[in-house]
Amino acid sequence: HNCSYGSQLINKSLIEKPAGTGLQLAGSMAALHVPEGQYTQTIYGMIKDQKYGDVVQILNVELQTRPKSRAALSLLGFCYYHLQDYQAAADCYEQLVQTNPEVDSYKLYYAQSLYKLCAYPEAMKAVCQIENPSYQPKVTKLQAAIRYAEDDLPNAKSLMEQCPADDPDSEFNLGCVLFKEKRYEEACAKFNTVLQVVGYKADICYCVALCHYMMRQYVVALKYISEIIERGIKDHPELSVGMQTEGVDVTSVGNTKILQETSLVETFNLKAAIEYQLKNFEAAQEALTDMPPRAQEELDPVTLQNQALMNMEDNPTQGFEKLQFLLQQVPCPPVTFPNLLLLYCKYEYYDLAADVLAENAHLSYKLLTPYLYDFIDAKITAQSSPEEAFSKLEELASHHIDKLRKLTKQVQEQRQNHDDEAVKKCVEEYDNTLEHFIPVLMAQAKVYWDRENYAQVEKIFRRSVEFCSDHDTWKLNVAHVLFMQETKFKEAIGFYETIVKKNYDNLVGISAIILANLCVSYIMTGHTEDAEEIMKKIEKEEEELSYEEPDRKVYHLCIVNLVIGTLYCSKGNYEFGISRIMKSLEPYSKKLGTDTWFYAKRCLLSLVENLAKHMIMLKDNVIQELIQFLEHCESWPRATMQTGQHCTPSLTLP
């Protein structure tokens, strides 16, 4: 999945001080406490203080008595624009254009409001009606911005070249075009040139950081991000940066002009994207909560999309609702459509993925790469025709394998030529291709995994060992398939151990099923002391967490005990197996939940069945402990919590 990292780059111009300055407004506003004879002064004072909402309330009352008031409509359009209510702003300026066709500034502001609404054909039609030569530079800029938004880069570039060469905006806009052409290094140079000319500006600094992000130069990008955030905090402490993360109850700062000028929203989204790419998921979530607080209805599409993505594991229902909502908006972040499809596939809502794909065919061609479309299509096809899906995936896999082999050869050749820069580029492309190949490989393996044909899954993985042997996802899934065959525990240990040792200082930070399967493998191969050592380490970490974060529920030791207990029960050793099951749910306040009880009761029901058939016998003290355990479970409030983790392995998709 991809995080969104910001908003549009081009067209920095804003609607200027509204035409109509100096026009007198009616003074019939005593009810709103405007002093007699100071109506116009009060209104302009509020605008100066950026109290646009208050001005809108006052002027809407004014329009009830004078619906054609030029001054009121002009000021309303200005205020609506800065409140980002572009539809209302466009309505005001449209009326002004009709009643004052000789005023070209209204035509420009009307066109710009339409542009902000993404009504590009209408905006272009409106701006083309301005013939006044003095407005030509602004007209050309807006036309270029419209063409840029429509992805008509040749015409956008042509229009930009008509702008004055000494205008910093021209250089900035050319940088935007280069960015969209994926010429990030050249775009970065343009933005740096503008910074040298105009000095520090948050939006330009953000664009430089964005270029470095696209070039995967995350350290440099984070340096610029830190500068933007530090200046924002220093210059505008009223924006309450970081207060939400610290748990301070703060009110919304709104989508003010100051917030726009600081570029803090875009910057925090970019920081979240970087941390997400680096798999620092907690830091990514923190970046989103660090940004200035706003109400849910005030959030921009990019922030809303990133919130959905970051919190998907904890609240998938809400995440899907946000992504579905964004998909209906114009515009929506480009990554929303592919992310929604991939998440539907991840959670196995294949019918929903097929519906979204069919309903948004126009977006498929625009927002999905051929690789991604073919991959999602194969995943959906696998539900009705696994053989056909496997064939499609095989074609994708063969393409990537060929590319990986070619890149391997190129890397070797460039190393012989001592061309370090070429080697670096080839290695980056190799890594990128491998990241595309791994999901295809896992999707192929899942076709046979679902049929419980684990030997065939193992063959598929071994076929790719030359490329994937160092990839964590590949190693984890090889471990799972070896474990499930129940005859290769020793081999499974080798793969599980590499993952566990890599994260030994933070075992609760990795999937509980990895630890559980490793412990089971140890037990099955006679290395019980190694399993006990792992369990003691988990118990110690969970105790430390309970002091640091008392409200946090961690189920790692619980799941390990459940899996071990289930193993012993399946082998007929119910006395020890049930003892592990009972131990796994202590204390009940933290461990008893719908998921954990689901796995515990399977063992209990198996025990009851075998007792009823007189196939096994239990000691009286074991029966007594079991009854006491069930009474404790019954007396505890009905479980509603969910662990979000499962006690059986499944293929892990990247």
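**A walk through the helices**

Start with the second largest cavity: helices α16 (301-310) and α17 (316-327) each supply at least two residues of its lining. This is a predicted model, in which local features need pLDDT of at least 70, side-chain atom pairs count only at pLDDT 80 or more, and totals for chains, interfaces and linings use all residues. Residues are numbered from 1 along each chain as its sequence is written, and side-chain values use heavy atoms, leaving out hydrogens and water. Helices are DSSP runs of H or I with at least four residues, numbered from the N terminus.

Empty space comes into view when a probe the size of a water molecule is rolled over the atoms. Here the work is done on a 1 Å grid over the protein atoms alone: a cavity is a set of points where a 1.4 Å probe fits but cannot get out, a pocket is an open set with protein on both sides within 12 Å along at least five of seven lines, and lining residues have an atom within 4 Å of a point. A volume is the space filled by probe spheres set on the points, which are joined across faces, edges and corners.

By this rule, the structure has two cavities of 30 Å³ or more. The second largest cavity has a volume of about 30 Å³. Its lining is made of Q307, A308, N311, M312, N315, Q318, G319 and K322. Helix α17 gives the largest share of that lining, three residues. The residues divide into two nonpolar, five polar and one charged. In this sorting, Ala, Val, Leu, Ile, Met, Phe, Trp, Tyr, Cys and Pro are nonpolar, Asp, Glu, Lys and Arg are charged, and the others, Gly among them, are polar.

Now turn to the second largest pocket, with a volume of about 360 Å³. It is lined by 18 residues, and the closest to its centre are E542, L557, E586, P587 and K591. Four helices each supply at least two lining residues: α29 (528-548), α30 (556-570), α31 (574-584) and α32 (588-591). Helix α29 gives the most, five residues. The lining divides into five nonpolar, three polar and 10 charged residues.

Look again at P587. It sits in the loop between α31 and α32. The peptide bond from E586 to P587 is cis, with omega near -10°. Most peptide bonds are trans, and most residues other than glycine have a negative phi.

Two residues have a positive phi. C118 has phi near 70°, and its place is the loop between α5 (104-116) and α6 (120-127). H418 has phi near 60°, and lies in the loop between α22 (386-416) and α23 (420-449). Are these residues buried or exposed? Buried means under 20% relative accessible area, exposed over 50%, and partly exposed in between, using a 1.4 Å probe and protein chains only. C118 is buried, because its relative accessible area is 18%. H418 is exposed, because its value is 67%.

Next comes helix α28 (residues 512-524). The expected span of a helix is 1.5 Å times one less than its number of residues. For the 13 residues of α28 that should be 18 Å, and its end C-alpha atoms are 18 Å apart, so the two agree. This helix is mostly covered, with 12 of its 13 residues buried. One of the buried residues is C519, with a relative accessible area of 0%. What covers the buried residues of α28 includes α26 (472-484), α27 (489-502), α29 and α30. After α28 comes G526, with a positive phi near 85°.

What about disulfides? Such a bond is counted when a pair of cysteine sulfur atoms lies within 2.5 Å. The count comes to zero.

T140 is in helix α7 (residues 136-149). Its relative accessible area is 4%, so T140 is buried. Not counting residues up to four places away in sequence, T140 touches L159, Q162 and C163. L340 belongs to helix α18 (residues 336-346). L340 counts as buried, because its relative accessibility is 0%. Leaving aside neighbours within four places in sequence, L340 is in contact with F320, L323, Q324, L327 and V356. The C-alpha atoms of L340 and P67 are separated by 45 Å, and these residues are 273 residues apart along the chain.

Conventions
Contact means heavy atoms within 4.5 Å.
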